[in-house]
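Keep the structure open while you read.

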Amino acid sequence: MRRGSVTKLVCVLTVVAVIAVLAFAPIFEEKVSWLPLYKDINLGLDLQGGVHVVLEAKDTEDIKVDQEKMAQLKATIDRRVNAFGVSEPIVQQEGDRRIVVELAGIDDPDAAVESIVKTAYLEFIGPDGEVILTGADLKDAVEVRDPQTNEVQVSLAFTEAGTEKFADATTKFVRQQIGIVLDGNMLQNPVVNQPILDGKAVITGYNSFEEAHEIAVLLRSGALPLKVEVMEKRTVGPTLGQDSLDKSVVAGIIGFTMVVAFMILYYRVPGIIANIALLVYTIIVLALYIALDVVLTLPGIAGFILSVGVAVDANVLIFERVKEELRNGKSLRTAIDSGFKRAYIAVVDANVTTLLAAGVLYYFGASMVKGFALTLSIGILVSMFTAITLTRSLLKLTAETGWVKNTKYYGA
């Protein structure tokens, strides 16, 4: 028995045990806000309830739907959705005319949908509180750079009627502020430096071109009379979502317990080490979910559970090769090295092909499929690390301690 190996193994197991307890048990919940880990994982619409809405843009007599106007519509809806303060809302274009909105954790889905689809209303309000002109008088808003000073600006162009109204207002309110209000919220409050008579104005004072672009998009969106209809509204109740989460947790615990029991009964010492590696694997995966702001949905849970199976499968491949080496009469240390070396290519090949399939699903799939592909990909990458490095190190360290010398306890 090597004292150094024993010390290393005991230290590793102690650290793993402490991290595992802190990761899952609410011991320091009041003092350390991010513990336990599972508490900070974002849950998707199907797990915490909310609303799924499909909107379709319609042509009007004055304006036809095109991709630029769809981008403006999406920007407007995105801004309104952000005002709800929900975590990880989904606003994405589907096809040429549709926008899909998913809001998790919404208490009043009908009010949320009404707020999303109401017509944007842009107003220019003078210092006396009177409305000078509305979004209907704004022809365009574009972010530009002043060629002389390189200053970032938003360039405004008004319609003929808007030019006349704006000329009167800027003549009246020189060196005063004219508020630009969108849906009742102050968007900009620039100062009038001089009368503007030609229907063209610029707003300055931006810190970046991106900031000016965002304002320009919002201004254009406010002037957009694009008709929107609700094509589908699906509400997921919080009870149904919690029920789905509870069932998923129970299924996960049962599956995890069965895997742990099988590995110990069939592979004995290597099975115990594989279960320790599986525990570390779970902690790393949860930490990555939080770090990468992964929104966990039911398909995402399926991806995680499948990745657990992939992680176990890698260990099975390795342990079977180790057993074959032991049966061929090799020593324990040599069998472990040879077994890992023979299984390495098979483990990498299996994981890379699965990873490629997950990548295709993520690139071409819808949001739910993307969640499955993302959690599966994270799980595969972490499982390769734990199977190839952690399991191997722990198995070699255990052999070096001399605690278990009989090769039967290694499955031979």
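To follow the angles below, you need to know that axes are lines fitted to C-alpha atoms, for helices over the stretch in contact, and that angles run from 0 to 180 degrees between N-to-C directions. Bear in mind that this is a predicted model. Two packed helices are described by the angle between their axes and the distance between the axes.

**α1 against α8**

- Start with helix α1 (residues 3-24): its axis comes within 10 Å of that of α8, and the two cross at roughly 45°.
- That angle falls between the ranges for roughly parallel and roughly perpendicular, so α1 and α8 are oblique to each other.
- Their crossing is left-handed.
- On the α1 side, the contact is made by Leu13, Val16, Ile19, Ala20, Ala23 and Phe24, while α8 brings Ile276, Leu279, Val280, Thr282, Ile283 and Leu286.
- Sort the residues of this contact of α1 with α8 by class and you get eleven nonpolar, one polar and no charged.

**α8 against α9**

- α8 also packs with α9, at an angle of about 145° and with the axes 11 Å apart.
- This time the crossing is right-handed.
- From α8, the residues in contact are Pro270, Gly271, Ala274, Leu278, Tyr281, Thr282, Val285 and Tyr289, and from α9 they are Phe304, Ser307, Val308, Ala311, Val312, Asn315 and Phe319.
- The contact of α8 with α9 has eleven nonpolar residues, four polar ones and no charged ones.

**α9 against α10**

- Next up is helix α10 (residues 332-364), whose axis comes within 7 Å of that of α9, with a crossing of roughly 140°.
- α9 passes α10 in a right-handed crossing.
- Among the α9 residues that meet α10 are Val310, Arg321, Glu324 and Glu325, and the α10 residues they join in this contact include Phe340, Arg342 and Asn351.
- Charged residues do turn up here: the contact of α9 with α10 divides into 13 nonpolar, three polar and four charged.

**The largest pocket**

- How big is the largest pocket? Its volume is about 810 Å³.
- It's lined by 24 residues, and Val249, Gly252, Thr282, Leu286 and Phe304 lie nearest its centre.
- The elements giving two or more residues to this lining are α7 (238-267), α8 (269-291) and α9 (298-327).
- Which of them gives the most to the lining? That's α7, with ten residues.
- By class, the lining has 18 nonpolar residues, six polar and no charged.

Technical notes. Residues are numbered from 1 along each chain as its sequence is written. This is a predicted model: local features need pLDDT of at least 70, side-chain atom pairs count only at pLDDT 80 or more; totals for chains, interfaces and linings use all residues. Side-chain values use heavy atoms; hydrogens and water are left out. On a 1 Å grid over the protein atoms alone, a cavity is a set of points where a 1.4 Å probe fits but cannot get out, and a pocket is an open set with protein on both sides within 12 Å along at least five of seven lines; lining residues have an atom within 4 Å of a point. Grid points are joined across faces, edges and corners, and a volume is the space filled by probe spheres set on the points. Helices (H or I, at least four residues) and strands (E, at least two) are DSSP runs, numbered from the N terminus. Ala, Val, Leu, Ile, Met, Phe, Trp, Tyr, Cys and Pro count as nonpolar, Asp, Glu, Lys and Arg as charged, and the others, Gly among them, as polar. Angles under 35 degrees count as roughly parallel, over 145 as roughly antiparallel, 65 to 115 as roughly perpendicular and the rest as oblique. A crossing is left-handed if the near helix is turned anticlockwise from the far one by less than a right angle, and right-handed if clockwise. Contact means heavy atoms within 4.5 Å.
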